[in-house]
Amino acid sequence: MPVLSEVIATIDSLWPREEAEAWDAVGTVCGDPDAQVSRVLLAVDPVREVAEEAVEWGADLIIAHHPLYLRGTTTVAADGFKGRVVHTLIKNDVALHVAHTNADRADPGVSDALAGALGLRVLRPLVPDPGDPEGRRGLGRICALDHPESLEAFARRAAERLPATAQGIRVAGDPEQPVRTVAVCGGSGDSLFDQVRAAGVDLYLTADLRHHPASEAREHSPLALVDAAHWATEWPWCEQAASQLDQISDRHGWGLRVRVSRTVTDPWTAHAPAPHPRTPGTEGARSDQNSAVHQTSAAHRADSGAPN
């Protein structure tokens with residue numbers, strides 16, 4: 001059975017800390033380097049529900065994609081939710097390690113996992129890492145479909161293959177527009193529109209698209225946009241990372257038990273679609289919308305559960 005320092009050395013070989021962006025906060029948040037590790041839980045967000053899942057399962061280590069303290073802190077007091085997470089982990093001998101933008105840029109990385117979940121063939125990075133002579137590392141991925149399909153069909157593909165969230169899939173473009181090439185970026189990706197346009201792809205799938213960047217991108221070109229939930233675009237990385245750890249464990253004879261958290265930590269819990277297109281200001285819109293919110297919230301509570 002390995003100790004934490006050995007597992008962390010392996011993690012650093014998969015997702016080197018020096019590959020993280022300068023503003024990022026990656027690495028080990030808490031944990032005893034000499035503590036033995038037999039169970040590893042992978043998750044996108046190191047939130048209370050995930051910490052409690054780790055304790056209940058008997059995990060020795062959580063590997064999370066998102067940092068717990070991205071902007072630093074001067075306290076881990078348990079009167080705040082982040083401090084409570086730290087206290088829960090330390091009291092139960094659970095270590096926490098973060099692989100964020102270093103996992104985004106890795107080979108394979110977060111966007112490779114996203115492309116794999118969507119059944120896309122990866123061609124190259126969207127933003128290549130200048131320090132990688134092989135041209136395999138970097139942010140985002142340029143991908144191809146084995147057979148062209150309409151934007152509408154691709155949106156259905158995304159909705160069916162990514163974990164279900166309250167947001168669902170948002171689409172901008174002509175539903176009949178043919179799609180042959182796709183750029184993907186797990187997580188927030190509207191800062192990469194210049195690179196997406198330069199790549200000349202038909203469609204860009206990412207998360208957290210804001211009004212102005214998306215509007216301007218559509219005015220620039222016929223580029224189709226597919227916007228999925230942030231958590232949903234990054235969750236496939238957990239399964240990819242689990243497979244990598246399983247292979248390393250087998251190679252070293254560690255016997256690790258590796259599990260992917262299926263706790264949905266996307267913060268949005270309900271979606272209220274308009275019952276039909278309505279011109280702004282139409283009489284009765286408010287009462288109809290309130291009814292839709294109630295019904296959608298109830299449906300979400302009934303259908304909520306693990307990712308697809």
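Student: Which does Thr265 count as, buried or exposed?
Tutor: This is a predicted model, in which local features need pLDDT of at least 70 and side-chain atom pairs count only at pLDDT 80 or more, while totals for chains, interfaces and linings use all residues. Residues are numbered from 1 along each chain as its sequence is written, and side-chain values use heavy atoms, with hydrogens and water left out. Buried means under 20% relative accessible area, exposed over 50% and partly exposed in between (1.4 Å probe, protein chains only). Thr265 has 15% relative accessibility, so Thr265 counts as buried.

Student: Which side chain makes a polar contact of 2.6 Å with the side chain of Thr265?
Tutor: Thr265 lies in the loop between β11 and α10 (285-303); helices (H or I, at least four residues) and strands (E, at least two) are DSSP runs, numbered from the N terminus. Thr265 touches Asp45, Val47, Val50 and Trp231, not counting residues up to four places away in sequence, where contact means heavy atoms within 4.5 Å. A polar contact is a pair of N or O atoms within 3.5 Å; within protein, one must be able to donate a hydrogen and the other to accept it, and residues adjacent in sequence count only if both atoms are side-chain atoms. The side chains of Thr265 and Trp231 are joined at 3.2 Å, and the polar contact of 2.6 Å is with the side chain of Asp45.

Student: What distance separates the C-alpha atoms of Thr265 and Ala43?
Tutor: Along the chain, Thr265 and Ala43 are 222 residues apart. Their C-alpha atoms are separated by 9.0 Å.

Student: Which residue in β10 is the bridge partner of Thr206?
Tutor: Strand β9 (residues 203-207) and β10 (residues 224-228) pair in the parallel sense over five bridges; two strands pair if DSSP finds at least two bridges between them. On β7 (residues 170-172), which runs antiparallel to β10 and is joined to it by three bridges, Arg170 has Asp227 as its partner. On β9, where Thr206 is found, the partner of Thr206 in β10 is Asp227.

Student: What is the handedness of the β-α-β unit made by β9, helix α8 and β10, right-handed or left-handed?
Tutor: Helix α8 covers residues 211-220 and forms the unit together with β9 and β10. A crossover is right-handed if, with the strands pointing away from the viewer, the path from the first strand over the helix to the second runs clockwise. This unit is right-handed.

Student: Which residue's backbone oxygen does the side chain of Thr206 reach at 2.8 Å?
Tutor: Thr206 is buried, with a relative accessible area of 0%. Among the residues that Thr206 touches are Gly187, Ser188, Val226, Asp227 and Thr233. The backbone oxygen reached at 2.8 Å is that of Cys185.

Student: Within what arc do the buried residues of α3 fall, seen down its axis?
Tutor: The buried residues of α3 (residues 81-91) are Gly83, Val85, Val86 and Leu89. Seen down the axis, they line one face of the helix because they fall within a limited arc, taken from the directions from the helix axis to the C-beta atoms. They pack against β1 (27-30), α2 (48-57), β3 (61-64) and β4 (95-98), while the face turned away carries the exposed residues Phe81 and Lys91.

Student: What is the relative accessibility of Asp93?
Tutor: Asp93 lies in the loop between α3 and β4. Its phi is near 55 degrees, a positive value in a residue other than glycine. Asp93 counts as exposed because its relative accessibility is 64%.
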